[in-house]
Amino acid sequence: MGWTRRSFLASLAMAALPGSFVVASEVDLEGFLELSARLAAVPRARLSPVHAARYLEALRAWSRPGDLEHLVEACRHDRLEQALREPRRRRLAEALLEAWYTGTVETPSGVVRVAGGEALAWDAIPYAGPPGTCHGR
Amino acid sequence: MDADVAIVGSGVAGALLGWRLASAGARVLLLEAGGPVDRARALARFQASPDRALDSPYPESARVGAPSAGDLARHYVQEGPDFLSGLYLRLVGGTTWHWLGTALRMLPEDFGLRSRHGVGEDWPLGYGDLEPWYGRAEDALGVAGDSGNDLGSPRSSPYPMPPHRPARVDGVVGAAAARLGWTVDPLPQARNSRPWEGRPACCGAASCTPLCPIGAKYDASVHVRRAVAAGAELRTGAVVHRLGVGAGGRIERVCWTGPSGPGEARAGVVVVAAHAVETPRLLLASRNPRNPSGVANSSGLVGRCLMAGNAVLSQALAPVRVDPYGAPQATSGMLGFREGPFRSGRSGFLLAIATDGWADGAPDRLAPRLIRRGLRGKALRAALEEHVRRQVALASTCEDLPDPENRIELAEDHPDAFGIPRPRIRYRIPDWTRAGQAAARAVHEQLFEALGAQERGHATAADPGYLLGTCRMGTEPATSVVTSDLRAHDHPNLYLLGSMVFPTAGSAPPTLTVAALALRLAGLLGA
């Protein structure tokens with residue numbers, strides 16, 4: 001199976017890319033949540049700020065400085081589709097979606113579970129929940 | 001004497017025996033290497049685990065010396081040529097914590113494999129000797145099944161509970177099977193189909209392994225509690241490492257080390273019910289001047305004839321929704337492939353229909369693959385739903401053959417944390433079993449073809465729930481370790497209880513047969 005998640009994330013630290021925005025030097029949590037909701041096409045209220053903080057921290061550690069900020073600003077300015085045409089930022093968006101869908105993040109010491117039944121993947125199967133639950137409970 | 005009966009191991013074998021003997025008034029000492037399981041804490045550990053391995057709720061088991069799903073070479077010293085992937089737990093209640101719960105009897109033909117098919121061995125007892133005890137075991141565990149369908153194993157008593165409703169996938173696969181002239185039958189399960197003896201009914205969420213969140217699936221902690229309530233003494237953290245032998249070959253002492261500190265006990269009768277790896281490990285480690293090859297080992301067969309579970313796992317996408325994750329983890333199977341003239345040349349197999357989709361196809365495992373194909377938003381969710389809801393998976397476990405070269409020895413150069421030699425494994429999958437795996441794969445492919453399924457894949461894999469044969473029963477001391485009553489040929493007060501005594505494996509999961517043997521032994525010992 002080609003990619004591992006680790007190699008995938010390592011590939012995000014690549015050459016600098018031009019941007020058309022003046023980006024903020026820090027990604028705010030609310031901006032990250034808005035970006036996540038847009039990419040996942042779910043209501044903002046569906047996403048836990050507690051989980052978001054964990055995912056944001058993990059992605060910051062792996063991504064090139066400025067890339068996350070660029071995506072957040074692109075989302076705010078309704079130019080997300082344009083930003084996603086650039087391969088490295090598209091891969092970053094994919095990593096963000098993976099985190100929300102799997103409920104796990106890659107850390108230096110390995111994969112860590114952040115969310116169980118709240119992982120977005122289980123929304124796709126309305127009658128089911130992850131192992132270790134009785135229909136999600 | 002410290003006890004009338006000392007039992008080493010608190011899995012289903014030791015728990016049932018201890019319960020029956022204590023209830024009959026015997027002083028029972030139940031020795032367990034591991035500790036008790038707190039279901040809520042174990043569940044929390046599993047839910048927090050990134051890989052959701054079979055033993056991820058039970059990290060404490062590996063600490064007292066047991067195989068870990070994530071590192072099978074840490075406890076086993078694997079000499080090959082094939083890798084042994086059998087798992088067991090050293091905890092109060094034993095391996096039933098993470099068993100699937102399929103409670104199937106062996107076939108009458110399984111007890112006469114040599115005389116019927118010219119391979120393997122014959123048991124020194126027949127299905128008829130064990131049949132009444134199967135019924136009592138089904139009552140004790142709480143087995144749900146169809147009493148009007150004996151599945152090839154005649155029965156004299158009904159199941160205590162009605163069968164579970166088949167899963168949707170069972171009907172879809174069943175229709176395809178019918179076009180091929182095959183039938184799908186309900187699998188009897190030690191999983192409540194209605195509230196039973198203080199435990200709830202199963203909610204049908206395919207969360208049976210590695211532990212049932214609500215206790216609807218049987219685990220042997222049920223009978224450990226009943227044994228203690230009946231007066232048995234349970235000592236945990238007691239890693240039994242030596243049996244002391246006295247005059248006349250009697251087992252005089254049971255010695256332990258471990259988290260609870262060293263200790264020993266004397267009992268009139270000693271029963272080792274420590275599963276198929278730890279039992280021979282203990283017997284071999286107990287060698288002494290009277291028994292230089294190990295306790296109970298005048299035949300040289302302690303540790304030999306190791307049998308394991310070798311399976312074929314197949315998956316495909318059905319053309320219609322089959323809705324996995326909506327039923328217990330295995331409700332139906334195809335049982336007609338277990339017996340026939342073919343067994344002279346290849347193994348039979350038990351085909352189970354998985355109700356929890358693909359092994360690597362759970363929504364949170366499949367999602368990354370879809371995301372990397374460029375899907376997101378509603379399209380991602382729709383693709384995920386459509387794929388998961390059409391996943392079909394079949395698992396066929398093939399029978400192993402007893403080969404004396406497949407064995408457990410002591411790895412003196414690899415002691416564990418307590419200084420006890422770890423088990424050295426020499427194992428090769430028999431050609432007879434490999435031929436069975438090829439036949440199983442062909443059946444899976446035919447079913448997928450009849451189903452019109454796409455994205456088909458097949459793989460051989462281990463079924464970790466099968467470890468058997470390492471202290472087999474027989475009539476002759478030169479070719480067996482215990483009698484048909486499970487008493488060691490060499491020692492008048494030593495009994496061995498569990499899957500280690502099976503002369504042949506059959507293709508049924510061993511747990512119900514182990515439970516039947518336990519209740520039968522209790523009867524033989526006066527309970």
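**View 1. The lining of the largest cavity divides into 11 nonpolar, two polar and two charged residues.** Ala, Val, Leu, Ile, Met, Phe, Trp, Tyr, Cys and Pro count as nonpolar, Asp, Glu, Lys and Arg as charged, and the others, Gly among them, as polar. The model is predicted, with local features needing pLDDT of at least 70 and side-chain atom pairs pLDDT 80 or more, while totals for chains, interfaces and linings use all residues. Residues are numbered from 1 along each chain as its sequence is written, chains are lettered from A in the order in which they are written, and side-chain values use heavy atoms, without hydrogens and water. Of the 15 lining residues, B:C202, B:S207, B:C208, B:C212 and B:P213 lie nearest the centre of this cavity. Its volume is about 80 Å³. A cavity is a set of points on a 1 Å grid over the protein atoms alone where a 1.4 Å probe fits but cannot get out, and lining residues have an atom within 4 Å of a point. Grid points are joined across faces, edges and corners, and the volume is the space filled by probe spheres set on them.

**View 2. Helix 3 (residues 49-62) and helix 6 (residues 87-102) of chain A meet through side-by-side lists of residues.** A:H51, A:A52, A:Y55 and A:L59 of helix 3 touch A:L92, A:A95, A:L96, A:A99 and A:W100 of helix 6 (contact: heavy atoms within 4.5 Å). These residues divide into eight nonpolar, one polar and no charged. Helices are DSSP runs (H or I, at least four residues) and strands likewise (E, at least two), numbered from the N terminus.

**View 3. Three strands of chain B form an open sheet in the order 3-15-14, with mixed pairing.** Two strands pair if DSSP finds at least two bridges between them. B:V77 has B:R424 in strand 15 as its bridge partner.

How values were computed:
1 Å grid on protein atoms, 1.4 Å probe; cavity = no way out; pocket = protein on both sides within 12 Å on 5 of 7 lines; lining within 4 Å. Axes fitted to C-alpha atoms, helices over the stretch in contact; angles between N-to-C directions.
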